[in-house]
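Here are my notes for a first look at this one. Keep the model open while you read.

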Amino acid sequence: MKLEQDASLRPERILDLSERLSSVAGEKIGEIARVNRAAKMLAINALIVAARAGEAGKGFAIVAEEFKKISTEIDDVAAALESQVRADLDELTAIGGAILGHMRGQRLADLALNAIEIVDRNLYERTCDVRWWATDSAVVACLDAPSPESVRHASQRLGVILDAYTVYLDLWICDPQGRVVATGRPDRYRAARNSSAADTTWFREAMKTASGDDFIACDIERVRALNDAPVATYATAIREGGQSQGRILGVLGVHFDWQPQAQAVVDGVRLTPEERARSRVMLLDQKGRVLASSDGRGVLTEVFPLNTREGEMGSYADGDLTVGYALTPGYETYRGLGWYGCLAQSKALTSGGEALARSVAA
């Protein structure tokens, strides 16, 4: 049977059993003390009766006195047992909590790494797309031999690409001055056609690329001409003849539809329903800005105070939260933008109903 399928084998059972053992030990030691108090009262009563009996009760008095001494010794043993058991159980709880905290943190960090790796692989494909489509003959001709017919043909060609690659909102062809001369969805995004990308980072940097093998990847931003949707824009230079070292004719910008793709990544992290209810899965940029969140909150507005003192990958406790994170490792030629996968998970409740956080803190 798999570990995750057997509730009795979950790591939290360490603390469950520790709590149960502590409760049982306390109860049983209390019972010993109660029974011993009753025995001590009997011994005292026996001494009183022996005293009243005078000479005839002397032998009985000796037995009662010894029984009283034994009861006192039992009290001492019970007190010592309670002290030692309590200390050992407290240590067991502390060790179990520390181990459990480390295991939880490591698991969260592993899940964070998996999430950001999925993003990296996805965005690597975008860098391949933009470099490939920039060599398309219709795209090149739109700038190399501009005419209403070549622009219309290029727009149609971009539309065909968009029909096949549904992860994009739009594709733009820009001339050397940054004017958008052709788009793939002119009917949907009317404001894009003839707008200017001259002031955008992706356009300016793409115009500086050394060869057709180079590309520009930008952080997530909302684009007004695309109905203010959040996009990840990738760009490269369109070159004469579609050649890697050809003269730069303009820029191709591809606008990746970020929100649904990123939401699928954070929602797809493998958590149990119970874990998901107390977890927040996020993608963060290099400054901690929330790029995607499983609860849908703070996207592009919130800065999560991620503590990365453990390095590129790690975990830490922050109050009631355990936070696991991993820096983007990149994929192939895509080195990433310094983004992080991050999971913040609140502590679970033990079967006894006490916060696990208190056990870990102990």
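1. A word on terms: "buried" here is under 20% relative accessible area, "exposed" is over 50%, and "partly exposed" lies in between (1.4 Å probe, protein chains only). Helices (H or I, at least four residues) and strands (E, at least two) are DSSP runs, numbered from the N terminus. This is a predicted model, where local features need pLDDT of at least 70 and side-chain atom pairs count only at pLDDT 80 or more, while totals for chains, interfaces and linings use all residues. Residues are numbered from 1 along each chain as its sequence is written, and side-chain values use heavy atoms, with hydrogens and water left out.

2. Start with helix 4 (residues 148-164): its buried residues are S150, V151, A154, S155, L158, G159, I161 and L162.

3. Two of these, A154 and L158, are among the residues that I173 touches (contact: heavy atoms within 4.5 Å). I173, W258 and L283 touch the most other members of the largest nonpolar core, which has 50 residues. Such a core is a set of buried Ala, Val, Leu, Ile, Met, Phe, Trp, Tyr and Cys residues joined through side-chain atoms within 4.5 Å. Helix 2 (residues 58-133) gives the most to this core, ten residues.

4. Now the sheet: five strands form an open, antiparallel one in the order 8-7-11-10-9 (strands pair if DSSP finds at least two bridges between them). Strand 8 (290-293) and strand 9 (313-318) are at the edges with a single partner strand each, so one side of each has no neighbour in the sheet.

5. Which residue of strand 8 is the bridge partner of L284? That is V290. Strand 7 (residues 279-284) and strand 8 run antiparallel, joined by three bridges.

Methods: Lists of a residue's contacts leave out its neighbours within four places in sequence.
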